Structure formats: structure tokens, C-alpha cells
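Subject: A structure to look at

Hello,

Here is the structure I said I would pass on to you. Could you have it open while you read the notes below?

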Amino acid sequence: MRSNPNRPSVPALADVRNLGILAHVDAGKTTVTERFLYLTGATHKRGEVHDGTTVTDFDSQERDRGITIFAAAVSCEWDGHWFNLIDTPGHVDFADEVERSLRVLDGAIAVFDAVAGVEPQSESVWRQADRHGVPRIVFVNKLDRAGADLDRAVDSIRRRLHTVPLVVQLPIGREDGFTGVVDLLRMRALVWTDGCGPREGAVPDELKQEADRRRRLLEETVAELHPAALEEFCARSALSEPTLTAALRDLTRGGEGVVVLCGSAYRDRGIEPLLDAVAAYLPSPLDVHPVRGTLDGETRERAADPAEPFAGLVFKVNSTATGRLTCLRIYAGTIRKGDTVLDAGTGRGERIGRILRLHADRQTELEQAVAGDIVAVVGPKAARAGTTLCAPGAPLVLEPPVAADPVVSVAVEAARNTDTERLVSALARLVEEDPSLAVRTDPETGQMVLAGMGELHLEVAVEKIRRAHGLEVGVGRPQVAYRETVVRGVTGHVHRHVKQDGGAGQFAHVVIDVAPLGAEEGEEEFVFTSTVTGGRVPREYVRAVEDGCRDALAQGPLGGHPVTGVRVTLTDGATHAKDSSELAFRTAGRYALREALRASAMVLLEPVTEVTVTVPESAVGAVLGDLAARRGRVTASGVVAMGSTVLTATVPLAELFGYATGLRSRTHGRGTFSTCPAGYLPAPSR
């Protein structure tokens with residue numbers, strides 16, 4: 001298990017692993033990454049989160065706050081395999097960073113706290129990985145903590161993530177006495193002493209019976225899931241190590257099970273077997289399906305082959321002191337310095353000035369990059385996250401990652417009027433780097449509004465402007481994104497649009513029904529249908545009416561908020577031989593729906609959030625009272641290790657501003673919480 005510092009300049013594709021580290025806040029993602037870099041020889045000193053010396057948390061805000069905010073890519077080599085690794089944020093406000101990273105990864109390590117097990121954001125990022133079909137292995141971290149319990153953590157994985165955990169290690173020692181693991185595949189013990197690598201030996205006598213039992217359980221579970229393993233198990237009543245390893249690899253890559261390892265990253269225990277597991281079980285670019293894209297409406301595939309035409313997907317853009325870095329995953333082909341590539345979104349050619357191997361905030365220059373690489377390039381001017389760069393002679397558009405809609409906003413303004421233009425430029429650059437942020441100008445107040453995924457997200461964004469651009473920025477109270485919906489509609493609403501001001505006029509007559517969407521229609525925001533018969537409204541005019549109705553949904557009658565959950569049916573209409581047009585019917589549709597909504601019974605919807613709060617038992621009463629004062633509804637509670645209680649509640653997002661400060665005050669700094677969007681509910685009457 002020794003690293004090889006003399007890696008090949010172009011590693012074989014079968015030996016490349018593109019993986020991410022996923023976890024809840026404070027589960028130990030960044031510490032795992034730091035140990036990877038140290039043990040593989042990529043760094044020569046262990047970085048520590050609490051000292052602010054980690055490689056991947058290089059931003060000043062990350063070091064001040066002690067959390068990962070921005071996804072950071074690093075590379076290292078282990079036992080002949082080349083790892084391109086992305087350390088992702090664990091806070092829900094930065095879930096879009098995780099989403100964009102998962103879009104370009106082939107595998108992932110999910111890190112869980114051995115005391116807490118599956119936490120809310122752990123579950124959230126797991127579901128994100130499910131959506132992208134990313135194979136995972138699990139590392140149960142912090143086994144040296146008081147209250148750590150591998151079996152309880154594994155049980156939470158089974159219950160909450162609905163997967164089959166395949167535990168391949170048995171801890172040696174508990175809590176502060178944790179010293180190593182039993183490898184259940186090779187039936188050997190690995191023991192670490194401080195500052196030294198693992199010492200291999202026989203399984204301790206006191207653990208031999210338990211190790212045999214767990215090995216048998218692992219074999220039985222694998223045989224149930226894997227046909228070839230089942231055949232050998234039936235013939236020999238056991239599985240050989242090669243068969244078991246091959247079956248675990250297949251089950252991991254197919255998503256039928258997840259290999260579980262354990263250790264303590266902070267104390268350097270269990271990291272070498274985790275590195276081996278990445279190489280053994282997670283897929284290479286050759287093991288995943290060829291990337292699919294579209295060209296002229298047709299789906300095309302392109303294999304992970306350096307000889308194929310070039311195709312890459314941009315997943316991150318960074319503005320640095322040395323220029324604009326465009327981070328991309330190369331799915332096919334080869335690019336070299338000086339090449340011209342096609343921006344499939346704009347149709348423009350872009351010259352590749354430099355190619356850089358990423359090591360967080362440092363880079364190494366390369367002459368070329370090939371399929372399977374994750375690199376940064378300097379040169380493209382207009383590329384954004386989600387942009388496809390491809391060979392000019394073989395265009396292809398890859399599916400971009402989906403950016404989440406912002407839910408919290410603040411009004412921002414420069415402290416000095418002379419700095420307004422600089423603020424506008426800084427905000428534009430910020431949105432370019434982070435697509436989950438949005439900037440708009442309020443048409444009524446003229447204020448610049450910055451919207452994002454949560455309070456912390458906006459705090460970080462504003463502080464970045466202050467530090468990076470030296471601007472004093474004033475911030476107003478955050479506003480939430482309300483919605484409006486219909487609870488009782490109208491039928492037979494008539495609107496007649498007539499305009500005659502010389503020349504060709506405009507004429508459109510429409511009759512519409514408006515109703516709320518039913519529960520069986522799921523999360524649809526708007527459904528439009530037409531029951532007009534006899535050609536009274538031509539098909540192209542029906543489409544224009546639908547477009548007009550969509551225009552009207554942008555501002556509801558209650559407070560100008562977007563309208564959702566509405567069904568509109570066009571039941572009748574009339575045309576004029578000369579004056580009817582698509583523009584006339586679009587205008588009629590817009591005004592008809594606006595009038596119909598004013599005549600309907602409407603209700604204001606507010607975004608709500610599922611809040612999971614972990615507090616000491618002595619503070620439960622105060623925290624429950626505060627949640628009630630914030631109109632929270634407690635949905636679950638339970639006791640975890642070390643005298644802590646976990647409360648789950650649904651709380652309106654508008655009531656959560658400043659909650660972190662209030663919680664710290666009520667729990668003397670010992671309470672923590674996480675949030676997850678939970679949709680919209682009717683707001684109380686004002």
C-alpha cells in the first residue's frame with residue numbers, strides 16, 4: 001500500500017478514478033481528503049481544519065468558518081492508480097456545488113460520523129448521487145469518539161438510505177481505545193500506532209469468533225445479490241477472496257450494494273484501506289456508460305477514448321489573480337495547448353491558452369489533457385457551468401447540471417454611490433462563478449437584489465465581494481420567495497381584446513376556466529388544456545393563448561408573486577378574418593388570466609424548511625419554545641448518544657433568519673442545526 005511518486009504523464013484510463021467526498025457538515029470530509037493527499041505523497045504535511053492549514057479549504061472564509069464552502073479539486077496517485085478528487089461542501093446552502101460536482105464524477109466516498117450515523121445533509125447528498133447514478137463506498141469516520149458505534153451507523157444507513165451495506169471491516173477497540181480494523185476479506189488485522197502506518201498481523205483471539213461470524217454474514221449477503229457469487233457459495237458453502245472482491249466491485253458499480261469501511265481520519269487510522277477500496281471498487285471512466293449528448297435533436301454517444309472527437313463539460317468557473325479558470329471534465333478526445341474548441345451553447349470558437357492540473361488553489365501546467373481528466377483551462381471567455389466544449393468538426397451538446405432556484409434574497413447596495421458600477425461588476429462575476437446565485441433589479445424599488453440558497457450562502461457571497469473587491473456593501477433584511485395559488489377558481493371567464501389604431505388591428509376573443517391543480521397531478525406548476533372544437537380557435541392561436549397565460553403567472557394578484565398550481569382550460573373563442581394574430585391571442589390570454597385570478601379565491605404560499613436540531617437534553621424545552629414561536633411544527637424527536645436530543649420540525653423559511661444566533665444562545669454554543677427545503681405551505685393571513 002505504498003504510493004508511487006513517479007506517476008505516468010498520461011495514466012491509463014483503466015487506472016483513473018474520478019471521485020468526490022460527500023458528507024454532512026463536520027463528518028470529516030476535508031480531513032479524509034487531507035489524509036489522502038499526505039499518504040499519497042501529494043503533500044508533505046498533514047493539514048488540519050481547526051488550524052486552517054488544509055489544502056482544499058484554502059479560501060479565507062472557509063478557514064475562518066471551519067467548513068467547506070467551495071468544491072475543490074485535487075489529484076494524487078496511489079498504487080498505480082490516478083485519483084481526481086473533489087472535496088464538496090456539506091452545508092445545505094451549498095448543495096448546488098455538490099450537484100455540479102456529481103455531474104462530472106464517476107464515483108464517490110460517503111463519509112458518516114460514527115456517533116451520529118446518517119445525518120440530514122448526508123441523506124440529501126446521497127439522494128443527489130442516486131439521481132446521477134454515481135456508485136459509492138462508505139467510510140464511517142470518527143470511531144475514536146465517545147459514543148461511536150459502527151453497527152448503529154450501519155443500521156442507520158440501511159434504514160434511512162434504503163441500500164444494502166456490505167461491511168468489510170471489524171473495528172479493533174472502542175472509542176478512545178480504537179486502534180485498528182480486521183480486514184474481513186483477507187481475515188487479517190491492521191493496527192495503527194500514532195505517527196506510523198498500519199501493522200499487519202493475525203486477528204486477535206478475542207475477535208476471532210466475531211470476525212468469522214461477520215465474514216460469513218458478508219458472504220451470505222453478497223451471494224444473495226450476485227449470481228456468480230451465489231454459484232460458488234452453493235458449491236463450496238463459502239466465497240474465496242477473489243470472488244468476494246469481484247462481486248463487491250460489481251455490486252458497488254451496479255448500485256445494488258455499498259461497501260462500508262471504518263476508521264478515524266483525524267488519527268490516521270483506516271485511510272490506507274480506504275485508498276485501496278477506491279482503486280478496487282469504484283469505476284474508471286471505461287466502466288461507466290459512454291457520455292450521451294444531443295446533436296440536431298438526436299441522441300449521440302461518445303466513448304471515453306482519447307482518439308474520439310473532443311467533448312468536455314464545464315462544471316465550475318473561477319476568477320483568480322492569474323486569470324479566468326474554466327474547470328471541465330473531459331469525456332472524450334484530447335485537447336492541447338493552442339487548440340480551438342467549440343462552445344456548443346454560443347456556437348463560438350474558443351482558443352485553449354493553457355491547460356492546468358488542479359491542486360485546490362495551485363495548478364500545474366500540462367501540454368495536453370485526455371478523456372477521463374478533470375482539469376482547468378485558460379482561454380474560453382463565455383463558458384459557464386453547464387457549457388459543453390467540443391471539437392469544432394464534431395459538435396455535441398451534453399446535458400448540463402440543473403441549478404436550483406434561489407429561495408432567499410437580500411437587497412444590496414454600495415455604501416458610496418461612486419462604487420455602484422463596481423458592485424454591479426462584482427455581482428456579475430459572482431453569479432458567473434456560482435449559478436445558484438441570481439441578481440436582479442427590483443422594478444418597483446430600483447434595488448439590486450441578490451438571491452441564493454440560504455442565509456449562510458448570502459453571507460458568504462456578500463463577504464466575498466467585500467474581501468475580493470474591497471467594497472463596502474450594505475445589506476437589507478432577506479426576503480423569501482413567496483408563491484400564490486388558486487384555492488377556488490372561476491368558469492367561463494370572457495375576455496375580448498380589440499385594438500384599432502390605424503392599419504391592421506388586433507382582435508382576439510377567449511373564454512377560459514381556472515381551477516387549482518389536483519393532488520394527483522403531483523408537483524406541476526401550470527397545466528394548460530384546450531377543449532375548443534370546430535376550429536373556432538386555430539391551433540397556433542391556442543399556443544399563443546397558453547404563452548399569454550404563462551406571462552400572467554409571473555405576477556399574482558395578492559402581492560405580485562409568481563402563481564403556481566393552476567390549471568387553465570380554453571373553452572371557447574372567436575377570431576377575425578383580418579385582425580386576429582398570435583400577438584393578439586397572446587395578449588388576450590395574458591389579460592384573461594390576470595382578470596380570472598383576481599376573481600378567484602387565492603392564497604399566499606410561503607417556503608418551508610425541514611429543520612433538524614441537535615441539542616443537549618437540558619436545552620430541549622427552550623429550543624421547542626423557540627421553534628413554536630417561529631411557527632414551527634415538530635414532526636419527530638429522538639435521543640442520541642451522549643445525552644443529546646434530535647428534533648425535526650417544519651418551519652417557515654421567513655422565520656429562520658437569525659436562528660443560528662438564537663440557537664447558540666439557548667444552548668450555550670452546544671446546539672447545531674441543518675435545514676433542507678420542504679416545499680411550500682399556505683401562509684397565515686396578514
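Lying across here implies contact, meaning heavy atoms within 4.5 Å. Axes are lines fitted to C-alpha atoms, for helices over the stretch in contact, with angles from 0 to 180 degrees between N-to-C directions. Helices (H or I, at least four residues) and strands (E, at least two) are DSSP runs, numbered from the N terminus.

A word on the source: this is a predicted model, in which local features need pLDDT of at least 70 and side-chain atom pairs count only at pLDDT 80 or more, while totals for chains, interfaces and linings use all residues. Residues are numbered from 1 along each chain as its sequence is written, and side-chain values use heavy atoms, with hydrogens and water left out.

Strand 32 (residues 506-516) runs antiparallel to strand 31, and eight bridges join the two. Across that pairing, His493 stands opposite Ile512 and Val494 opposite Val511. Strand 32 is also antiparallel to strand 34, again through eight bridges, and there Asp513 has Thr569 as its bridge partner. Eight of the eleven residues of strand 32 are buried, so this strand is largely enclosed by the rest of the structure. Buried means under 20% relative accessible area, exposed over 50%, and partly exposed in between (1.4 Å probe, protein chains only).

**How the two helices meet**

The axes of helix 12 (residues 539-552) and helix 13 (residues 582-599) come within 7 Å and cross at roughly 40°. That makes helix 12 oblique to helix 13; angles under 35 degrees count as roughly parallel, over 145 as roughly antiparallel, 65 to 115 as roughly perpendicular, and the rest as oblique. The crossing of helix 12 past helix 13 is right-handed, that is, the near helix is turned clockwise from the far one by less than a right angle. Among the residues making the contact are Tyr541, Ala544 and Val545 of helix 12 and Phe585, Arg586 and Leu593 of helix 13. The contact residues divide into seven nonpolar, two polar and seven charged. Here Ala, Val, Leu, Ile, Met, Phe, Trp, Tyr, Cys and Pro count as nonpolar, Asp, Glu, Lys and Arg as charged, and the others, Gly among them, as polar.

Strand 17 (residues 340-343) and strand 18 (residues 348-351) pair antiparallel over four bridges, one of which pairs Thr340 with Arg351. Four residues sit between the strands of this hairpin, where Gly347 takes a positive phi near 80°. Strand 17 is also joined by two bridges to strand 23 (residues 388-390), running antiparallel, with Leu342 opposite Cys390.

Asp15, in the segment before strand 1 (16-23), is partly exposed, with a relative accessible area of 27%. The C-alpha atoms of Asp15 and His81 are separated by 4.6 Å, although the two are 66 residues apart along the chain.

Best wishes

How values were computed
Pairing = 2+ DSSP bridges.
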